[in-house]
Structure formats: C-alpha cells, structure tokens
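Open the model in your viewer and keep the sequence panel beside it. We will walk through it one selection at a time.

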Amino acid sequence: MNDFELQRQLRNLRGPHAPTSDLWPGIAERIGNRARSTPTARHRRWMPLTAAAAIVFAMATGIFSLAVQQQMAGRDAALAGVVEMPTVRQQIERARELAQTGDPRLASAEVVLDAASLELEQALQQQPDAVYLVGMINRTHAQRRKLARLGMDAG
C-alpha cells in the first residue's frame, strides 16, 4: 500500500457511516438495569457507621473550634490587661502632677515618652519578632533616663 492509496482510504472515512447494528436496545437495557438495582446489603451495612463517623467528626470539629476561640479570647484578655493605654484625661492629670513638682517642659516631655513607650510595647506584643521595635523601645528608655537626669539637674 502506497501513500496515495492510504490518503484515498482516509478521505473515504470522512463521510457519514451508519453502524452495522442498532445500539439503542443495549443502551436502554443497561439504563433499565441500573435503575432497578438497589444498594446491596453490604453497602447498607456501612451507612449507619458512615453517618456516625460524620457526626463524631462534626462534634470534634466544633469542640476544637470552641477551644481555640476560648484560648484566643483568654490571650487577648491577658494582652489587654498587661498594657493598657492611659486615657487623655489620665495623661493630662499626670502632666499637671509633674508640672507642679518640677519644670513643666520636662513634665510634658515625660508624658509624651510614657505614651510612646506604651504604644511601642503594645506593638511589640502584636509583633514579637520585630527587632526594630525593640530598638525603638531602647531609645525611648534612653530618652527617659536623659530626661530624669535633666530633671535632677534642674531641681
């Protein structure tokens, strides 16, 4: 067989061809058999066990999620209790106390440093791996020590 004969046979395959036998009776029979078939006793035996396993899984998931929520709520409450930002009124009272005992410029600087220190500590609790926050806290403490020295020199 050469290339020309092969190409002619391939062109002949392009046209419509009728099947040699009718396929629908076999298809209809298989569909009917599937519709009439019921799950075997073996499959029916596993259904209650599957349902029980699904219920146990759902309950375990619910209990686990509740435990995680309580743990997160406890952690958030602990974090809130550790660092509590003073209100503006409390800051003003602190500035008045410091202004009466010493230089008012030093008092306002100390209030600003206290607020900055508390904010940095809160940020560090939210991002414990942030090295730059530790550096900023150290600089804030150094400024506070310098301010204390200035207050002792002024007083």
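Throughout this tour, a contact means heavy atoms within 4.5 Å. Two notes before the first click. This is a predicted model, where local features need pLDDT of at least 70 and side-chain atom pairs count only at pLDDT 80 or more, while totals for chains, interfaces and linings use all residues. Residues are numbered from 1 along each chain as its sequence is written, and side-chain values use heavy atoms, with hydrogens and water left out.

**Stop 1: the whole chain**

Start with a cartoon view of the protein chain. You will find 6 helices and 0 strands, the elements running α-α-α-α-α-α from the N terminus on. Helices (H or I, at least four residues) and strands (E, at least two) are DSSP runs, numbered from the N terminus.

Now colour by pLDDT, the predictor's confidence in each residue, from 0 to 100. The chain averages 78, and 72% of the residues score at least 70.

The accessible surface comes to about 13200 Å², and carbon and sulfur atoms account for 61% of it. Such areas come from the Shrake-Rupley method with a 1.4 Å probe; for residues, only the protein chains shown count as cover. Of the 155 residues in the chain, 10% are buried. Here buried means under 20% relative accessible area, exposed over 50%, and partly exposed in between (1.4 Å probe, protein chains only).

As for contacts between residues at least 6 apart in sequence, 51% of them join residues at least 24 apart.

**Stop 2: a patch at the start of the chain**

Select Met1, Leu6, Leu10 and Leu13, which make a nonpolar surface patch of about 460 Å². Patches are made of residues with over 30% relative accessible area and no salt bridge: like charges are joined within 9 Å, and nonpolar side chains (Val, Leu, Ile, Met, Phe, Trp, Tyr) within 5 Å. Zoom in on leucine 6, which sits in helix H1 (residues 3–13). Leucine 6 is partly exposed, with a relative accessible area of 40%.

**Stop 3: the salt bridge**

How many salt bridges does the structure hold? There is 1. A salt bridge here is a side-chain nitrogen of Lys or Arg within 4 Å of a carboxyl oxygen of Asp or Glu. Select aspartate 114 and arginine 144: their closest N and O atoms are 2.8 Å apart. Aspartate 114 lies in helix H5 and arginine 144 in helix H6 (residues 131–154), so the pair ties together parts that are 30 residues apart in sequence. Arginine 144 is partly exposed, at 26% relative accessible area.

Is serine 117 buried or exposed? Serine 117 is buried, with a relative accessible area of 5%. Leaving aside neighbours within four places in sequence, serine 117 is in contact with Thr140, His141 and Arg144.

**Stop 4: leucines of helix H5**

Move along to leucine 120, also placed in helix H5. At 11% relative accessibility, leucine 120 counts as buried. Not counting residues up to four places away in sequence, leucine 120 touches Leu133, Met136, Ile137 and Thr140. Draw a distance between the C-alpha atoms of leucine 120 and methionine 136: these residues are 16 apart along the chain, with 7.5 Å between those atoms.

Finish at leucine 124, again in helix H5. Leucine 124 is partly exposed, at 23% relative accessibility. Which residues does leucine 124 touch, not counting those up to four places away in sequence? They are Ala130, Leu133, Val134 and Ile137. Of these, pick valine 134, found in helix H6 and partly exposed at 37% relative accessibility. Valine 134 and leucine 124 are 10 residues apart in sequence, and their C-alpha atoms are 7.5 Å apart in space.
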